[in-house]
Amino acid sequence: MRILLSLIGGLVLGIAAAEWGDGWASWGEAVAQPIGTAWLNGLQMTIVPLVVSLLVIGIAATADAARAGQLAGRAMAMFLTVLWGGAILAALLTPLLLKTWPIDPHAAAALKAALADTKPVGDVAPFSDVIAAMVPNNPVTAAANNAFLPLVVFTLAFAFAITRLPGDQRQLLTGFFRAIADAMLVVIGWVLALAPLGVAALAFLVGAKAGTAAFGALLHYVLIVSSVGLAVWAFAYPVGIIGGRVGIRRFLRASAPSQAVAISTQSSLASLPAMLSGAEQAGVPAQTAGITLPLAVAIFRSTGPAMNLAVAIYVASWFGMQLTAANLAAGVIVASITTLGAVSLPGSISFVSSIAPIAAAMGVPIAPLGLLVAIETFPDIIRTLGNVTWDLATTTALSARAMPAQIIEEDLLAAPPATARR
């Protein structure tokens with residue numbers, strides 16, 4: 001709320017300064033520009049070490065889950081399918097939504113002018129060269145240049161190599177990267193403590209140059225990104241109802257308590273007890289829900305790739321960029337992979353670290369994320385609703401798939417021996 005109020009206050013002050021004239025806007029911009037830039041730099045300096053560390057931890061957790069048993073392996077396969085499917089859906093749906101309901105040209109031009117110093121971070125190689133461009137010849141240079149696509153590929157190879165090491169070495173390295181991630185989260189906490197000041201400075205710049213059009217543009221952004229999340233959320237119901245062989249009313253009653261907790265807390269972890277209770281109402285055996293739901297909360301962010309990619313596509317549209325197939329392909333790949341290392345924290349904390357690698361891989365500016373984080377509260381509600389619904393839907397579907405084998409096994413155990421039947 002402090003960040004959101006700072007956004008509104010900064011916009012209002014910027015608009016008022018522009019209306020007053022007499023150099024008030026110029027004087028305010030001279031003060032706000034370095035403050036906003038310094039705050040953005042503080043956020044961006046944590047991205048590379050945090051993304052690399054979280055991805056290593058996420059791959060390690062994924063590998064451990066896959067080794068945990070057949071049910072966990074099937075769950076991981078379903079999770080990955082949903083994540084990649086959501087990213088592909090966003091790559092197709094978001095441009096369609098923006099074409100059907102485009103951002104107001106005057107608002108887009110004003111917002112772009114407000115961040116005139118922002119430039120795309122780089123270009124993606126032509127589509128024919130994407131595979132070659134994905135493999136870095138120097139991962140350190142890739143990190144220094146914010147070339148996240150090759151950096152992610154290197155980190156994936158490194159993380160999977162760690163999973164092949166002996167147990168003590170694997171624990172040593174994963175513990176090392178977990179400590180780095182925890183330290184970066186502490187730094188992000190410090191930076192976010194200054195977020196009201198940084199966001200207010202950025203909002204002042206936007207208000208002074210974009211005027212009242214900024215409010216309409218930000219509302220448009222929330223509706224577009226939330227619509228993509230709603231589309232992903234909607235697909236959870238047929239999976240839970242049809243795939244899980246659960247009646248519509250039963251599934252709705254089972255998912256409602258966890259959805260209520262999700263709205264109030266914006267946390268899948270806080271919704272876990274309600275999800276366990278809902279799984280029981282849906283007829284899922286406790287031993288199945290006890291494996292898949294905690295695993296889903298730890299690893300599975302169903303709406304993450306889709307909504308994160310939608311944000312990057314929206315920023316590209318904001319700046320008038322024409323995204324190519326290569327740009328979108330790079331975004332889908334990075335969005336689908338990096339979500340495995342996403343932080344299980346409210347979206348305002350993980351917003352920049354989750355979306356910056358996607359934007360950088362697509363050649364989209366990162367700086368606008370510092371402004372958009374102020375209104376992440378509203379899309380984050382949709383994110384969490386989709387996540388908890390998908391967690392429950394995949395659990396019911398996995399339970400239904402395992403049911404025939406379970407019934408056959410129980411029948412065999414209950415059947416009399418062959419000699420007795422004869």
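Helices (H or I, at least four residues) and strands (E, at least two) are DSSP runs, and they are numbered from the N terminus. Helix α2, which covers residues 24–44, gives the most to a nonpolar surface patch, contributing four residues. This is a predicted model, in which local features need pLDDT of at least 70 and side-chain atom pairs count only at pLDDT 80 or more, while totals for chains, interfaces and linings use all residues. Residues are numbered from 1 along each chain as its sequence is written, and side-chain values use heavy atoms, with hydrogens and water left out.

**The chain as a whole**

- The secondary structure of the chain consists of 20 helices and zero strands.
- Of the 422 residues in the chain, 52% count as buried, where buried means under 20% relative accessible area, exposed means over 50%, and partly exposed lies in between (1.4 Å probe, protein chains only).
- Among the contacts in the chain with a separation of 6 or more, 86% are between residues 24 or more positions apart, a contact being heavy atoms within 4.5 Å.

**Helix α4**

- Helix α4 runs over residues 70–100, and its 31 residues reach 44 Å from the first C-alpha to the last, close to the 45 Å expected at 1.5 Å a residue; the expected span is 1.5 Å times one less than the number of residues.
- A kink of about 25° in α4 is centred on A90, the bend at a residue being the angle between axes fitted to the seven residues ending there and the seven starting there.

**An exposed residue in a loop**

- R245 lies in the loop between α11 (213–243) and α12 (248–265), and R245 counts as exposed because its relative accessibility is 61%.
- The phi of R245 is near 55°, a positive value in a residue other than glycine.
- Most residues other than glycine have a negative phi.

- Which residue in helix α12 has its place described here? Q259 is in helix α12, and Q259 counts as buried because its relative accessible area is 12%.
- Leaving out residues up to four places away in sequence, Q259 touches W233, Y237, L385, V388 and T389.
- The C-alpha atoms of Q259 and I381 are separated by 9.7 Å, although these residues are 122 residues apart along the chain.
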